Amino acid sequence: MANAVIARNVIGIIGNVISFGLFLSPAPTFYGIIKKKDVEEFKPDPYIATVLNCAFWVFYGMPFVHPHSILVVTINSIGLAFEFVYLTIFYIYATNKGRKKVSLLLLIEIIFFAGIVLVTMLALHGTSKRSLIVGVLCDVFNVMMYVSPLTIMAKVIKTKSVKYMPFWLSVANFLNGVCWTSYALIHPFDIYVLISNGIGAISGLIQLILYACYYSKGQDNEDGDHVDDVTKPTGGVEV
């Protein structure tokens, strides 16, 4: 039992480190926004979505919802802080329309999140029921956020070029998924972390297979297209 706890903690810490790197990966994009003082065509939607995703994983990891999940809380708290920093930068340099969009969507998220927290804490008694509802919501949001990588993978197949899918980011996403899947399988078993990150690991593996298939193809097919955060993580726990 003691060995299982140590192994789980070690894997969770490694997962925290990998996820931290993934949360940090958009930093150059926002540094560019600061330098240009203009968001140009940049869209904040993935970061707004990740705010809600991280918030739910933080809530999920609380001892009164799902005990023994402190490492889930730590990385998603860090991720939440990163997302707010990114959105603050966007808000500063965005147009009035862009600012209104961010403000409105964040307000909707806050109201929705607060509603779920109230229902969970007041209507559901016991960690098993709370874990079920919040865990399912976390998995639903994570699965929804896999739409972006799927569209990029489809683009890679269509164009036969991997320029839209950075190799090291794909590797990091795969390792992140494998790490948190392993964490979920060690006692105490966590089905909700397993579902999200099992899908994440498979998604990362498919990205690497596509990279291997198309790396030598279409490398000269440069058309100037640019895709931001094509494999952006969905959160610390799959991100």
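A surface patch here is built from residues with over 30% relative accessible area and no salt bridge, with like charges joined within 9 Å and nonpolar side chains (Val, Leu, Ile, Met, Phe, Trp, Tyr) joined within 5 Å. Accessible areas come from the Shrake-Rupley method with a 1.4 Å probe, and for residues only the protein chains shown count as cover.

Before you dig in: this is a predicted model, where local features need pLDDT of at least 70, side-chain atom pairs count only at pLDDT 80 or more, and totals for chains, interfaces and linings use all residues. Residues are numbered from 1 along each chain as its sequence is written, and side-chain values use heavy atoms, with hydrogens and water left out.

Now the patch itself. Val 143, Leu 185, Phe 189, Ile 191, Ile 195 and Ile 199 make a nonpolar one of about 490 Å². Helix H9 (residues 191–214) gives the largest share, three residues; helices are DSSP runs of H or I, at least four residues, numbered from the N terminus. Leu 185 sits in helix H8 (residues 167–185). Leu 185 counts as exposed because its relative accessibility is 51%, the cut-offs being under 20% for buried, over 50% for exposed and partly exposed in between (1.4 Å probe, protein chains only).

On to charges. There are two salt bridges, meaning a side-chain nitrogen of Lys or Arg within 4 Å of a carboxyl oxygen of Asp or Glu. Lys 101 and Asp 45 pair up at 3.0 Å, N to O. That pair ties together distant parts of the chain, helix H5 (residues 96–123) and helix H3 (residues 45–60), with the partners 56 residues apart. Glu 40 and Lys 36 pair at 3.4 Å, N to O, and both are exposed.

Note on methods. Helix = DSSP H or I, 4+ residues; strand = E, 2+ residues; numbered from the N terminus.
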